Amino acid sequence: ELADIGVLGLAVMGANLARNAARKGFGVAVFNRHGARTDELISQYGSEGRFHPAKEIADFVAAIARPRPIIIMVKAGKPVDEVIEELIPHLDEGDIIIDGGNSLFTDTNRRFHYLTEKKLRFIGMGVSGGEEGALEGPSMMPGGTLEAYSRIEPIVTKMAAQVDGEPCCTYIGTEGSGHFVKMVHNGIEYADMQLITEAYDLFKTVYGLDAKTISDIFAEWNKGELNSYLIEITAAVLAKVDSTGKPLVDSIVDEAEQKGTGRWTAQSALDLGIPLTSITEAVFARALSARRAGRAEAEKLLPHAPVAARKPSPADIEAIRQALFASKIIAYAQGFEQLSVASAQFGWKLKLDELATIWRGGCIIRARFLNRIREAYKAGGGASNLVLEDYFRDAVLKAEPAWREVVGLAVASGIPVPAFSSSLAYYDGLRRARGPANLLQGLRDYFGAHTYARLDKPGKFHTRWAQDGEEVQVSS
Ligand code: NDP
């Protein structure tokens, strides 16, 4: 009997996806460049289902029922191209290569067109949920042609996490749209984590709370509108005591690493002209954190002003919760705007309510909150910005005084809160019909004759600043 699907690349993600498919009753052909990983998977988990291990790529391909769906789960970048080239000679027309790694969407666009020319089919599928998600049910974001997706739909919708009877997997759109959506998902994850870190810093540094006390606050927050996987695991990480008997978090080096998807999200936002401040600040915060030696040096030369440590009142804690929630709304509003603009620009027809739906389970940003986003977009999503939808509008208006208070406290205490404060700045900029860019336009016209529009009459104008100071109309 032939396998229903193949999985190539059996490091942690690939092995777990293969086990996931096998446990759901599918026959799974498995292959890895170095056969030791294949042996290990079979010896440890071979009894979980119907595996077809192969040591040669030809045998691997031959073991799968046609048209063959083959998930490749290898290191993003050049390895994906290498594996595709190795597979091509063994494939038949209509076979489907599914790249489940974190590939850059422009690479996926390229591979999609390349394989289409070869009469093969390509799906770029974002997979979120880390190790555990891959095994128990991830959130999956497959992009490619709809008919290629139809072939794999019965398999991937079964492998995905399920929420309220709905799979956390749906067809995203053509080309690299699945990887684009996964990229923005990861960007939002960066912002979510940065906001959590800033709240933690305020509790720890301004209010002098210990890790256990902060853990309890997060555990409490997880019962309310902030309920989410990241808030839940924040409580767990803060509560962990290591073998020295002290909180583990206090011994972890404060240097964040990154693999690239947050940076790509910010780069794409710059290309698309989206004010994606929260995610971008989160990327920058990681970059600054990574300069640990430089920070230690600067602290000597620029001594940190002491901050007043006093116990927070319940109202102080609630203010930080509200600031976090409002900032989170801004981060999601910005991320969804990026999805919406990219969809229009690239012709992908993304269904924003469905994206919120498949992020409710399996993935790292899963949260109760996503139901609200789904409802907002399902109801027509008329407003240009999520913040203007009733639920979110009410929430930010309610949180606004606390948000300002918390950002003010952080500034006065010398604690950086780039995601809290940039979200507030975005909010304040968004809701002003008239901002200060009139002066910018004046300056641009002064040094570069870039022209400006006037409020009181139509057309484009230029003032001859350095000559006679007269204004001339440049176009109607
Ligand atoms: P890695 O990214 O560490 O990649 C290791 C795998 O890639 C191994 O199977 C390795 O084979 C294979 N590989 C590397 N280079 C080549 C090559 N030139 N030819 C053939 N095979 C090659 O594995 P992960 O499981 O961590 O991640 C896989 C993908 O999933 C990545 O794109 C990652 O970004 C993405 N991802 C990871 C998540 C996570 O939590 N780890 C979450 C979501 C997505 P060999 O054993 O022979 O060296």
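# Questions on a predicted model

Student: Is Lys182 buried or exposed?
Tutor: In this predicted model, Lys182 has 30 other C-beta atoms within 10 Å. A residue with 20 or more such atoms in that range counts as buried. Lys182 is therefore classed as buried.

Student: Which element holds Lys182, and which residues does Lys182 contact beyond its sequence neighbours?
Tutor: Lys182 has its place in helix 8. UniProt, in an unreviewed entry, lists Lys182 under the feature "active site". With neighbours within four places in sequence left aside, the contacts of Lys182 are Asn102, Gly126, Ser128 and Met141.

Student: Which other residue does UniProt place under "active site", and is that residue buried or exposed?
Tutor: The unreviewed UniProt entry gives Glu189 along with Lys182. Glu189 also lies in helix 8, and residues up to four places away aside, Glu189 touches Ile364 and Ile365. Glu189 has 23 other C-beta atoms within 10 Å, so Glu189 is buried.

Student: How far apart are the farthest two C-alpha atoms of the "binding site" residues?
Tutor: The unreviewed UniProt entry places this feature at several residues, including Asn102, Ser128, His185, Arg286 and His450.

Student: Where is Ser128 found, and is Ser128 buried or exposed?
Tutor: Ser128 belongs to strand 6. Among the contacts of Ser128, leaving aside neighbours within four places in sequence, are Lys182, His185 and Cys363. Ser128 has 25 C-beta neighbours inside 10 Å, so Ser128 counts as buried.

Student: How many other C-beta atoms lie within 10 Å of Arg286, and which residues does Arg286 touch?
Tutor: Arg286 is found in helix 12, residues 277–289. The count for Arg286 is 19 other C-beta atoms within 10 Å, so Arg286 is partly exposed. Not counting residues up to four places away in sequence, Arg286 touches Ala256 and Gln258.

Student: How far apart are the C-alpha centres of domain 1 and domain 2?
Tutor: The domain assignment gives domain 1 (5–175), domain 2 (182–430) and domain 3 (437–475). For domain 1 and domain 2, the distance between the C-alpha centres is 32 Å.

Student: Which residues around the ligand are the closest?
Tutor: The elements giving two or more residues to the shell around the ligand are helix 1, helix 4 and helix 6. The shell residues divide into 10 nonpolar, 7 polar and 5 charged. In total 22 residues surround the ligand, and the closest are Ala11, Met13, Arg33, Pro79 and Gly101.

Student: Why are the buried residues of helix 10 said to lie on the same side, and which helices do they pack against?
Tutor: The buried residues of helix 10 are Ile231, Thr234 and Leu238. These residues lie on the same side of helix 10 because they cover an arc of only 50° around the axis. They pack against helix 8 (177–206) and helix 9 (211–221).

Methods
Residues are numbered from 1 along each chain as its sequence is written. This is a predicted model: local features need pLDDT of at least 70, side-chain atom pairs count only at pLDDT 80 or more; totals for chains, interfaces and linings use all residues. Domain bounds come from an automatic or database domain assignment. A residue is near a molecule or strand if its C-beta atom, placed from the backbone, lies within 6 Å of it. Helices (H or I, at least four residues) and strands (E, at least two) are DSSP runs, numbered from the N terminus. Ala, Val, Leu, Ile, Met, Phe, Trp, Tyr, Cys and Pro count as nonpolar, Asp, Glu, Lys and Arg as charged, and the others, Gly among them, as polar. A residue is buried if 20 or more other C-beta atoms lie within 10 Å of its own, exposed if 12 or fewer, and partly exposed in between; C-beta atoms are placed from the backbone. The arc is that of the directions from the helix axis to the C-beta atoms. Two residues are in contact if their C-beta atoms, placed from the backbone, lie within 7 Å. UniProt positions are given in the numbering used here, feature names are shortened, and annotations may be inferred rather than shown by experiment.
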